[in-house]
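Subject: Structure handover

Hello,

Here is the structure I promised to pass on. Please open it first, then read my notes below.

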Amino acid sequence: MSTELLLSFILLAPAAPKSVGARAPERTPLPASQPVAPLPSRSALCGALKQTRNRQSIARLIAELEPQSQKEYTMCIAAWGRAGDWRRAVGLFDTMSDAGVEPNPFSVSAVVSACEKGGQPARALEIFEQARAGDRFESNVVVFNAALAACSRGGEWRRALDLLAEMQRQGLSPNCNSFNSAISACGRAGELDTALELLSTGMRAAGVEPDVVSWSAAIAACQRRGEWRRALELLDGMRRQGVAPNERTFGASSLAAHGAAISACAKGGAPPERALELLAEMRSSGLRVAVSAAISACGAAGDWKAALFLLDEIRRSGARPDLISWNAALAALDKGRQPRRAVAILDEMAAAGVQPDAVSYNTALLACQRAGEWDSVLELFERVRRAGGKGAPNAFSFNAALAACAATSRAAEAVALLGEMREAGAPPTLRSYAAVISACEAAGEWERALDILREAERAGVAPQLTPAVALQAGLVSLNALESRLLRALGRRT
């Protein structure tokens with residue numbers, strides 16, 4: 001019987017022994033076909049905890065386990081890290097100390113990693129330093145690597161170098177992961193020479209062999225500086241070291257390396273054929289890597305120019321990019337804050353005989369919304385309305401248009417869109433109602449704003465108010481909003 005099944009049963013404790021002279025309470029006998037499920041063991045709970053990423057399941061399992069040892073606390077903290085909840089990971093780490101369970105390198109590593117993966121590199125490094133300052137445990141490579149990963153995410157290259165040096169002073173041997181994080185930190189900070197020195201000299205001196213991630217991080221550093229010649233030299237170095245792409249080694253890191261090299265070629269003004277040669281190499285390795293993957297790699301490297309360059313060159317070569325390739329280019333333009341080019345790509349898609357879908361339109365809408373191009377959002381939404389089929393508007397599309405109405409004080413249009421949203425089978429969300437209320441407020445339509453607020457309450461959406469949406473709508477709370485609207489209405493009458 002699986003642990004998940006055990007946890008789904010109602011756990012019944014056996015009856016307590018009767019005391020002398022006391023009358024035992026009556027108990028309804030269990031049917032013979034329904035035996036009492038045994039309590040899951042601590043090891044079973046820990047095993048289930050390792051296998052889930054669901055936050056509700058994690059919370060239930062931790063409550064059932066009631067961690068007591070360093071190992072159990074570490075396992076629970078790591079589970080929150082996997083689920084992407086760095087706040088709960090930190091909270092549990094603090095609880096661990098309050099409960100008198102001393103942290104060890106593995107528990108510190110788990111909470112530092114949770115913060116790093118949650119996009120909180122500064123918090124991760126702060127916890128690392130505080131834990132070490134207490135001098136309550138002896139650091140190891142695992143905890144240093146967690147801190148180095150945080151340095152990588154935050155571009156803290158000097159700190160990464162300091163940590164590498166400190167590891168060696170403490171008699172610890174940095175491994176490939178240690179150097180990879182340091183190289184990545186240098187690349188993110190634009191310290192190309194330092195990154196390449198770590199790859200060539202630093203790793204060799206430490207007796208560490210670079211892997212595909214090492215080369216990829218160094219090539220990405222070249223991409224950020226537009227150093228396409230050095231990027232291609234590094235790719236050659238990969239081949240000479242036996243890290244050339246093949247079915248076994250060509251994973252996400254190798255794809256990222258080639259994508260970054262293509263991006264470096266475009267950014268640094270290399271002849272177009274060099275980028276196409278790289279793409280041909282990816283295909284000739286028997287990998288069948290999609291064109292869209294290469295374009296996505298360029299976009300992920302932060303270079304929309306390289307993505308468009310690659311898309312154009314592929315089209316000139318006679319190949320026909322598919323919908324996924326076009327959407328990858330649109331995503332790169334969104335990331336690069338290029339709303340007008342994103343809208344132009346939609347036209348190019350149609351001209352090439354590729355019908356944009358909801359992903360295409362929503363990506364372009366998002367690009368316009370991020371740039372505050374509100375008229376473009378509304379114009380593009382009109383196109384989405386006419387598209388039909390796979391490009392028909394959905395909740396995301398409507399919310400983008402409603403946000404544009406709020407930003408431009410178009411109350412009547414916002415209210416009409418809200419009704420259209422319902423008719424289209426896309427139930428309005430709290431964000432939808434908040435945008436309409438903002439549009440009505442901006443236009444001085446206080447009665448209408450109050451009506452929309454009460455409609456949201458009747459729909460059961462208003463109680464979901466979050467700080468982010470409240471901030472967007474200019475609200476503090478529902479009661480505060482209602483009071484404000486009533487006051488404004490009273491002044492007007």
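Leaving aside neighbours within four places in sequence, which residues is alanine 367 in contact with? They are Asp334, Pro339 and Ala342, where contact means heavy atoms within 4.5 Å.

Some ground rules first. This is a predicted model, in which local features need pLDDT of at least 70 and side-chain atom pairs count only at pLDDT 80 or more, while totals for chains, interfaces and linings use all residues. Residues are numbered from 1 along each chain as its sequence is written, and side-chain values use heavy atoms, with hydrogens and water left out.

Overall picture

The protein chain has 27 helices and zero strands. Both are DSSP runs, numbered from the N terminus: helices are H or I with at least four residues, strands are E with at least two. Of the 493 residues in the chain, 48% are buried. Buried means under 20% relative accessible area, exposed over 50%, and partly exposed in between, using a 1.4 Å probe and protein chains only. Take the contacts between residues at least 6 apart in sequence: 63% of them join residues at least 24 apart.

Three single residues

Back to alanine 367. Its place is in helix H20 (residues 358-370). At 2% relative accessibility, alanine 367 is buried. Its C-alpha atom is 8.7 Å from that of glycine 336, which is 31 residues away along the chain.

Serine 152 sits in helix H8. Serine 152 is buried too, with a relative accessible area of 10%. Not counting residues up to four places away in sequence, serine 152 touches Ser181, Ser184, Ala185 and Arg188.

Glutamate 102 is in the loop between helix H5 (86-98) and helix H6 (105-117). With a relative accessible area of 38%, glutamate 102 is partly exposed. From glutamate 102 to serine 69 is 33 residues in sequence and 9.0 Å in space, C-alpha to C-alpha.

Cysteine 186 is in no disulfide either; the nearest cysteine sulfur, that of cysteine 151, is 10.0 Å away. Cysteine 76 is buried at 0% relative accessible area. Cysteine 186 is buried, also at 0%.

Aromatic pairs

There are two aromatic pairs. Rings of Phe, Tyr and Trp (its six-membered ring) pair if their centres lie within 6.5 Å; planes under 30 degrees apart count as stacked, over 60 as edge-to-face, and the rest as tilted. One of the pairs is phenylalanine 128 with phenylalanine 144. Their ring centres are 5.7 Å apart and their planes stand at 70°, so this pair is edge-to-face. Phenylalanine 128 lies in helix H7 (residues 121-133) and phenylalanine 144 in helix H8 (residues 141-154), so the pair ties together parts 16 residues apart in sequence. Phenylalanine 128 is buried, with a relative accessible area of 0%.

Best regards

How values were computed. A disulfide is a pair of cysteine sulfur atoms within 2.5 Å.
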